[in-house]
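The sequence and the structure come first, and the description follows.

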Amino acid sequence: MASAKPYEVEQDPRWTVCDEFRFPHLNPPSRPYYKSIQHALDNSLAKGLADISVAPSQGKFLSVQCQILGAKNVLEVGTLGAYSTIWMASSSPDVRVVTLEIDPRIAEIARENIRYAGLNDRIELLVGAAADLLPQLVDDVKHGRRPQFDFSFIDADKDNALHYFN
């Protein structure tokens with residue numbers, strides 16, 4: 001059996017149909033960041049990023065979780081095209097997101113999407129390996145240079161996810 005290429009995922013057409021049905025209800029055109037969320041997906045794919053963003057229902061769920069928690073400071077490990085980042089940042093005008101991306105080329109595409117959404121002032125994108133960046137973030141929180149995170153979303157480097165909790 002041949003091994004999968006990096007980022008190659010199997011797309012079940014039944015899930016796609018379900019997502020296409022639900023998405024207009026989860027993100028109606030009347031929603032403030034409707035165009036920005038769709039742009040993040042479209043631009044990311046057009047620029048060659050892998051089609052591995054969270055599903056629209058998962059993006060909405062992240063947004064609702066931030067709202068329920070009253071999250072003001074969110075940490076995301078794995079930015080990709082900033083699709084989930086924009087969902088979380090758009091959950092409330094009070095939310096600030098720090099997102100970590102290892103690949104500078106991908107980070108630049110994410111920055112384009114963040115700028116398009118007009119969320120530059122609410123999203124801080126740090127470039128580097130999470131294993132290297134997280135200790136500095138912890139130190140910043142510990143010494144009052146940065147507020148404590150209310151919500152975390154780890155969506156990258158699944159093999160090392162457990163280390164990020166330590």
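N43 counts as buried, because its relative accessibility is 12%, where buried means under 20% relative accessible area, exposed over 50% and partly exposed in between (1.4 Å probe, protein chains only). This residue lies in helix 2 (residues 34–46), helices (H or I, at least four residues) and strands (E, at least two) being DSSP runs numbered from the N terminus. When neighbours within four places in sequence are left aside, N43 is in contact with I109, E112 and N113, contact being defined as heavy atoms within 4.5 Å.

The model is a predicted one, in which local features need pLDDT of at least 70 and side-chain atom pairs count only at pLDDT 80 or more, whereas totals for chains, interfaces and linings use all residues. Residues are numbered from 1 along each chain as its sequence is written, and side-chain values use heavy atoms, with hydrogens and water left out.

The buried residues of helix 5 include I109 and N113, together with I106, A107, A110, I114 and A117. They cover an arc of only 160° around the axis, which puts them on the same side of helix 5; the arc is that of the directions from the helix axis to the C-beta atoms. Helix 2, helix 4, strand 2 and strand 3 are what these buried residues pack against. Strand 2, helix 5 (residues 104–117) and strand 3 make a right-handed β-α-β unit, where right-handed means that, with the strands pointing away from the viewer, the path from the first strand over the helix to the second runs clockwise. Strands 2 and 3 run parallel and are joined by five bridges, at least two DSSP bridges being needed for two strands to pair. Within this pairing, E101 stands opposite V127 in strand 3.

**Helix 6**

Helix 6 (residues 130–142) has 13 residues and reaches 18 Å from its first C-alpha to its last, close to the 18 Å expected at 1.5 Å a residue, the expected span being 1.5 Å times one less than the number of residues. A130, L133, L134, L137 and D140 are the buried residues of helix 6. Seen down the axis, the buried residues of helix 6 fall within an arc of 120°, so they line one face of the helix. Their cover includes strand 1 (73–77), strand 2 (96–101), strand 3 (123–127) and helix 7 (161–165). The exposed residues A131, D132, V138 and K142 are carried on the face turned away from the buried side. Just after helix 6, G144 takes a positive phi of about 75°.

One aromatic pair is present in the structure. The ring centres of Y83 and W87 are 6.4 Å apart and the planes stand at 85°, so the pair is edge-to-face; rings of Phe, Tyr and Trp (its six-membered ring) pair if their centres lie within 6.5 Å, with planes under 30 degrees apart counted as stacked, over 60 as edge-to-face and the rest as tilted. Y83 and W87 are four residues apart in helix 4 (residues 83–89), and therefore about one helical turn separates them.

L80 has a positive phi of about 50° although it is not a glycine, and its place is in the loop between strand 1 and helix 4. D157, also not a glycine, has a positive phi of about 45° and is found in the loop between strand 4 (151–154) and helix 7.

| Residue | Relative accessibility | Class |
|---|---|---|
| Y83 | 2% | buried |
| W87 | 0% | buried |
| L80 | 15% | buried |
| D157 | 39% | partly exposed |
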